[in-house]
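I opened this structure for a first reading. My notes follow in the order in which I looked things up.

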Amino acid sequence: MLGGIVAGLIYSNAQEWLVHKYVLHGLGRKKDSFFAFHWHEHHKRARKADMRDEDYERDPWGTHAQGKEVMMLAATSAAAALLIGRRYPWFTATAVFGAWNYYRCHKKAHLDPAWGREHLPWHVDHHMGPDQDANWCVTHPFFDILLGTRKPYVGTELEAKHRAAAEERARKKAAAPVEAPAVAHAA
Ligand SMILES: [Zn+2]
Ligand SMILES: [Zn+2]
């Protein structure tokens with residue numbers, strides 16, 4: 001039992017790393033790919049709104065980003081259950097839990113950025129850091145640490161510098177005089 005659970009946890013984390021790097025960012029970089037939703041929709045939205053992606057509020061049934069994410073997790077869980085579920089029940093149960101936990105954590109990190117910053121800072125690093133091709137794991141950074149792809153950003157001097165510059169830009173924008181609306185003159 002314990003061996004199955006530990007193997008299931010390692011498998012789930014390895015899958016987060018591999019699928020995120022090679023499928024979602026690798027294949028999904030092409031705009032016409034089935035997996036384009038991750039880079040072209042999700043990253044774009046999160047980057048613009050300081051991690052918040054309101055699409056996570058919608059019903060996950062559909063062919064949009066959240067629907068495809070759930071479909072992928074359900075497909076890998078179902079495949080594991082059908083192929084090896086009888087032989088390795090604890091491994092399979094842990095892998096299915098891992099898929100559910102991945103969606104739960106990912107959704108929460110994008111609907112409640114303050115929670116994400118505190119509990120999943122590595123995922124904030126993934127979206128908001130200078131290198132969006134790093135920090136692949138979502139629920140726990142185990143494989144990123146192991147494989148050297150963990151690049152912290154939250155709480156660093158660089159982040160403080162970026163935040164100060166963004167605040168300065170916002171302050172200047174707010175202080176700028178409002179342009180008078182163009183008045184249309186009748187000929
Ligand atoms: Zn990503
Ligand atoms: Zn994300």
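**Entry 1: Asp-144**

I started with Asp-144, which is buried because 22 other C-beta atoms lie within 10 Å. The cut-offs I used: a residue is buried if 20 or more other C-beta atoms lie within 10 Å of its own, exposed if 12 or fewer, and partly exposed in between, with C-beta atoms placed from the backbone. This is a predicted model, in which local features need pLDDT of at least 70, side-chain atom pairs count only at pLDDT 80 or more, and totals for chains, interfaces and linings use all residues. Residues are numbered from 1 along each chain as its sequence is written, while chains are lettered from A and ligands numbered from 1 in the order in which they are written.

I placed Asp-144 in helix α7 (residues 142–147). Helices (H or I, at least four residues) and strands (E, at least two) are DSSP runs, numbered from the N terminus. I then listed what Asp-144 is in contact with, leaving aside neighbours within four places in sequence: Trp-17, Trp-122, Asn-135, Trp-136, Cys-137, Thr-149 and Arg-150. Two residues are in contact if their C-beta atoms, placed from the backbone, lie within 7 Å. I also checked Ala-14, which is 130 residues from Asp-144 along the chain, with 9.3 Å between the two C-alpha atoms.

**Entry 2: a contrast**

Is Asp-32 buried or exposed? I found Asp-32 exposed, as it has 5 other C-beta atoms within 10 Å. Asp-32 sits in the loop between α1 (2–26) and α2. From Asp-32 to Ala-134 I read 23 Å, C-alpha to C-alpha, across 102 residues of sequence.

**Entry 3: the whole chain**

I counted eight helices and zero strands in the protein chain. The radius of gyration is 20 Å, well over the 16 Å that the globule rule gives for 187 residues, so the chain is more spread out than a compact globule. That radius is taken over C-alpha atoms, and the rule is 2.2 Å times the number of residues to the power 0.38. Along the principal axes, the C-alpha atoms fill a box of roughly 80 × 45 × 25 Å. I noted that 26% of the 187 residues are buried. Of the contacts between residues at least 6 apart in sequence, 52% join residues at least 24 apart.

**Entry 4: the core**

Next came the largest nonpolar core, which has 18 residues. Such a core is a set of buried Ala, Val, Leu, Ile, Met, Phe, Trp, Tyr and Cys residues joined through C-beta atoms within 7 Å. Ala-95, Ala-99, Leu-120 and Cys-137 touch the most other members. The elements giving two or more residues to this core are α3 (65–84), α4 (89–111) and α6 (121–128). Which helix gives the largest share? I found that α4 does, with six residues. Ala-95 touches Gly-8, Tyr-11, Ser-12, Ser-77 and Ala-80, not counting residues up to four places away in sequence.

**Entry 5: α3 against α4**

I looked at how these two helices pack. Their axes are 9 Å apart, at an angle of about 175°. That makes α3 roughly antiparallel to α4. Axes are lines fitted to C-alpha atoms, for helices over the stretch in contact, and angles run from 0 to 180 degrees between N-to-C directions. Angles over 145 degrees count as roughly antiparallel. The residues of α3 that meet α4 include Leu-73, Ser-77 and Ala-80. On the α4 side, Ala-95 and Ala-99 are among them.

In α3, I found Ala-65, Gln-66, Lys-68, Glu-69, Leu-73 and Ala-80 buried. What covers the buried residues of α3 includes α2 (36–48) and α4. For α4, the cover includes α1, α2, α3, α5 (113–119) and α6.

**Entry 6: α8**

How many residues of α8 are buried? I found zero among its 19 residues, so to speak a helix hardly covered. Helix α8 (residues 157–175) reaches 27 Å from its first C-alpha to its last, close to the 27 Å expected at 1.5 Å a residue. The expected span is 1.5 Å times one less than the number of residues.

**Entry 7: positive phi**

Most residues other than glycine have a negative phi. I noted Met-51, with a positive phi of about 90°. Met-51 is in the loop between α2 and α3 and counts as buried, with 21 C-beta neighbours inside 10 Å. Asn-135 also has a positive phi, near 55°. Asn-135 lies in the loop between α6 and α7 and is buried, with 25 other C-beta atoms within 10 Å.

Terms used
Parallel < 35°, antiparallel > 145°, perpendicular 65-115°, else oblique.
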